[in-house]
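These are my notebook entries on one protein structure. I looked up its helices, its strands and a few single residues in turn.

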Amino acid sequence: MMEEKEKKFLTVAPFQCAWRKDLKFREAGRGCVAFDAFAHNDVTLVFRENVGSQHYHYKRDDSPHYTVILGSHRNRRLKIEVDGKTEVDVEGIGLCCSSAFQSYWICIYDGLISIGKGRYPFQNLVFQWLDSNPNCSVRYVGLSSWDKHVGYRNVNVLSLPQNHMLLWKQVDSGEYEGKEDSEEELEDEQIEYDKWGLDNFLESWELSDMFFVVGEEERPVPAHKVILQASGNFPLSPSNENVLQLKDLTYPTLHALLQFIYTGHTQISESQLGSLWALSRQFEVMPLAKQCEETVERFQLNKKLFDSGRNVELSYPNSWPHCSATFPFGLPINVLKLKKLHSAAQYSDVNIYIEGHGLVAQPHRVILSLWSIPFAKMFTNGMRESSSSEVSLSDVSPEAFKIMLDFMYSGEISLEDTMDFGNLLLQLLLLADKFGVTLLYQECCKTLLECLSEDSECPILLAVSSLPSCKLIEETCVRKCAMHFDYCTTASLDFILLDDTTFSSIIQHQELTVTSEERVLNAILMWCMRAKELCGWEMVDELLANSTADLIFQERLPSLSDLLPFVRFPLLPYHLLQKLGQSNLSKHVHIFYNIQVREAINYVEFGLGRAGSDQNIRFQHRRSSYKELQYIYDGDSNGVLYFAGTSYGEHQWVNPVLAKRITITASSPTSRYTDPKALVSRTYQGTCIAGPRMEDGNKCVWWMIDLGQDHQLVCNYYTLRQDGSRAYIRSWNFQGSLDGKTWTNLRVHEYDQTICKPGQFASWAITGPNSLLPFRFFRVVLTGPTVDASDPWNLCICYLELYGFFR
């Protein structure tokens with residue numbers, strides 16, 4: 001039975017999705033799924049708010065969802081899609097295994113998607129990505145596929161660990177590369193930060209500013225005034241403020257009290273429970289007093305609940321004994337009292353001075369050391385600050401430092417939404433990174449990513465590109481700058497200040513979004529010449545008429561040769577290529593004409609390119625410039641005309657002709673059997689005909705689609721459906737046009753016998769140089785008679801759909 005059970009697994013057929021109601025996160029937007037998978041490619045998991053159907057497919061889902069695809073592009077890439085749009089597409093990570101089951105885990109936590117391999121979740125992390133606009137509603141997990149079967153087994157939804165810092169491995173301010181020995185020592189301590197808490201200072205003489213004298217043996221027990229007063233009311237008067245005499249008390253009772261304050265949990269023998277209760281009431285540590293009282297009442301009701309030989313365990317309700325909570329949460333500390341002690345500088349033992357600003361704060365060493373290992377080392381390793389009550393800092397924003405201190409005392413960021421909000425948040429992030437305040441750094445990261453705008457992306461990128469610990473923010477800003485390329489390279493000149501590696505990363509980014517390749521060329525030329533004002537290639541061309549490339553581009557001239565190959569010259573209009581070919585740029589910059597422009601002209605004129613040019617990325621439109629509407633199967637709901645019927649994704653489908661989103665005309669006048677709206681209807685039409693007309697003395701038969709003045713399509717697939725007749729088409733052209741007058745053949749069919757029965761669907765791919773061109777108008781035009789000898793010049797199709805990259 002066991003062997004039989006182990007052999008059982010779930011097989012998901014192509015383009016289907018399996019949903020189980022038990023595959024559900026306990027908390028919306030937060031959960032982890034672990035599973036084994038066996039596939040040649042496209043192990044696909046969908047995360048959405050509600051359960052889908054068996055025939056659900058993420059490509060047709062209009063509701064908010066995440067899709068994680070392991071082994072996409074024939075098992076070469078990892079993809080993450082948000083609401084159907086590709087946000088992550090990386091090579092060589094998280095691939096599938098077709099020879100045996102492979103173990104994976106995927107975790108989602110407030111938009112942070114973590115992916116790992118192996119049977120043990122939260123270990124062997126291979127990739128992480130943070131959604132700047134997180135979907136916190138996803139709960140159900142769907143097991144899906146693409147064009148091949150996928151096998152799943154051992155699928156389990158797991159709860160997240162209480163210590164969520166495990167999920168923020170790549171956002172940890174302790175990540176460095178190429179460190180010196182002293183830095184390596186600091187990194188070791190940073191990695192253990194999740195174990196660092198107030199319990200490290202329990203009865204520690206380091207940083208203590210008072211002590212108890214306990215019992216007849218007068219045992220000294222160190223403590224910290226600010227911690228004691230924030231959790232109770234201890235008699236620390238000026239006359240004996242450094243010493244509290246407790247000669248009638250035993251050490252175990254005091255230890256239990258301090259342990260409860262510093263850790264949130266403690267234990268004590270039954271015989272000493274009364275003494276602890278009295279002590280907690282004496283010093284007004286009310287959470288402990290209440291715990292003692294409830295425990296005593298339970299003991300009085302049922303003595304069998306307790307064994308006099310065992311200790312009684314007491315815990316603060318919000319504490320986790322096996323996981324360090326974030327100070328001051330999870331501890332019996334009154335946050336309001338703690339903040340008052342800070343604002344009044346009561347029991348302060350250090351003065352913070354900032355160069356140029358004088359005294360800015362009077363905090364407590366123990367609080368600073370709780371949050372910041374650099375501060376802890378500063379106060380304890382024999383440096384000048386170990387014996388002095390003054391600390392001097394330079395190159396620090398006083399406003400950001402005060403906000404960091406407020407965070408240390410409250411565990412919350414208090415930032416007002418002002419005009420300077422973004423700049424202050426960035427300074428706070430850099431400060432948290434400098435002093436190793438990991439949780440504050442992570443909160444700043446998340447807030448900064450959520451608040452990214454087109455205006456702030458370049459300035460933030462300039463600030464963080466040199467910080468290894470800000471890699472996630474840097475990568476996000478690079479992606480956002482690429483997506484908003486037109487704005488970032490025309491609204492300001494901040495991008496000119498980017499270093500060559502960062503600027504090159506933006507230019508090469510797969511999600512680079514531009515209105516034309518001319519914009520990419522202009523941005524490269526401006527960056528290389530360190531332009532003082534916005535300009536286009538024509539201005540650079542004029543400068544070269546009276547100067548040289550060495551003088552204009554100076555030390556960035558080698559970068560110009562490196563960057564120009566990333567301009568997709570074959571996609572530029574032919575007339576512009578001709579102008580570039582005759583320009584001063586072509587005369588002065590060798591690579592510009594000989595390798596780039598000339599190749600593009602040859603490709604446009606004759607379809608001549610390097611071997612495999614159709615697969616070369618330089619000959620393909622940038623995907624992110626358009627919305628990809630991908631062919632899945634005949635009659636699907638993923639085409640351009642269906643998309644237009646939804647008002648481009650805004651509402652439920654209605655016939656796009658009736659909604660006036662598109663216009664369809666035929667070579668013959670509109671009639672009962674020549675009905676434009678029938679061609680895009682979701683209902684099968686038995687008779688749908690376009691008849692012949694005379695144009696320039698020739699018989700012409702066609703159906704034509706106008707996508708509208710503001711829309712174009714780079715078409716790579718189209719679908720037809722024969723109506724109920726047997727007038728099968730054999731010779732026809734599928735064409736595109738920008739103006740509806742001059743037509744370009746996208747695919748030529750000569751005696752094509754694909755359609756051979758009534759009501760049949762048929763689809764064809766568009767390839768070659770013309771498949772890269774955007775068009776507004778499309779038409780199917782007969783070039784030869786149909787097989788119906790009685791009336792061979794009727795175009796009898798009742799359905800037409802287009803696919804590709806749409807804008």
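**Entry 1**

At roughly what angle do the axes of helix α23 (residues 574-581) and helix α25 (residues 590-606) cross? I noted before answering that the model is a predicted one. I found that the axes cross at roughly 150° and come within 10 Å. An angle over 145 degrees counts as roughly antiparallel, and α23 and α25 are therefore roughly antiparallel to each other. I recorded the crossing of these two helices as left-handed. On the α23 side, the contact is made by Tyr-574, Leu-577, Leu-580 and Gly-581. On the α25 side, I listed Phe-592, Tyr-593, Val-597, Ala-600, Ile-601, Val-604 and Glu-605.

I next looked up α8 (335-343) and helix α12 (residues 398-410). Their axes come within 9 Å and cross at roughly 145°. The crossing of α8 and α12 is right-handed. From α8, the residues that make the contact are Val-335, Leu-338, Lys-339 and His-342. From α12, they are Leu-405, Asp-406, Tyr-409 and Ser-410.

**Entry 1: a proline in a loop**

I then turned to Pro-328, which lies in the loop between β17 and α8. Is Pro-328 buried or exposed? I found a relative accessible area of 2%. The cut-off for buried is under 20%, so Pro-328 is buried. I set aside its neighbours within four places in sequence and listed what Pro-328 is in contact with: Ile-333, Val-335, Leu-338, Tyr-409, Ser-410 and Gly-411.

**Entry 2: the buried face of a helix**

Which residues of helix α6 (residues 273-282) are buried? I listed Leu-273, Leu-276, Leu-279 and Ser-280. Seen down the axis of α6, these buried residues fall within an arc of 125°, so they line one face of the helix. I then looked up what covers them, and the cover includes α5 (251-263), β16 (265-269), α7 (286-301) and β17 (311-315). After α6 comes Glu-284, whose phi is positive, near 55°.

**Entry 3: an enclosed strand and its partners**

I moved on to strand β3 (residues 30-38). Seven of its nine residues are buried, so β3 is largely enclosed by the rest of the structure. Which way does β3 pair with strand β8 (residues 102-109), parallel or antiparallel? I found antiparallel pairing over eight bridges. Arg-30 has Tyr-109 as its bridge partner in β8. I also found six bridges between β3 and strand β12 (residues 150-158), which run antiparallel. Ala-34 has Asn-156 as its bridge partner in β12, and Ala-37 has Tyr-152. Strand β12 also takes part in another pairing: three bridges join it to strand β1 (residues 10-12), again antiparallel. There, the bridge partner of Thr-11 is Gly-151.

**Entry 4: two open sheets**

Strands of a sheet pair through backbone hydrogen bonds, either parallel or antiparallel. I looked up two sheets with this in mind.

In what order do the strands of the open sheet of six strands run? I wrote down β2-β11-β4-β5-β6-β7, with antiparallel pairing. Its edge strands are β2 (17-24) and β7 (85-91), each of which pairs on one side only. The twist averages 20° from one strand to the next. Within this sheet, I checked strand β5 (residues 65-71) and strand β6 (residues 77-82), which pair over five bridges in the antiparallel sense. Ile-69 has Lys-79 as its bridge partner in β6.

An open sheet of four strands has the order β21-β31-β26-β29, and its pairing is antiparallel. Which are its edge strands? I found β21 (627-629) and β29 (761-765), each pairing on one side only. In this sheet, the twist averages 25° from one strand to the next. Strand β26 (residues 713-722) pairs with β29 in the antiparallel sense over five bridges.

How values were computed
Residues numbered from 1 in each chain as written. Predicted model: local features only at pLDDT ≥ 70, side-chain atom pairs only at ≥ 80, totals over all residues. Heavy atoms only, no water. Buried < 20%, exposed > 50% of the residue type's maximum accessible area, 1.4 Å probe, protein only. Pairing = 2+ DSSP bridges. Arc of directions from axis to C-beta. Contact = heavy atoms within 4.5 Å. Axes fitted to C-alpha atoms, helices over the stretch in contact; angles between N-to-C directions. Parallel < 35°, antiparallel > 145°, perpendicular 65-115°, else oblique. Left-handed = near helix turned anticlockwise from the far one by under 90°.
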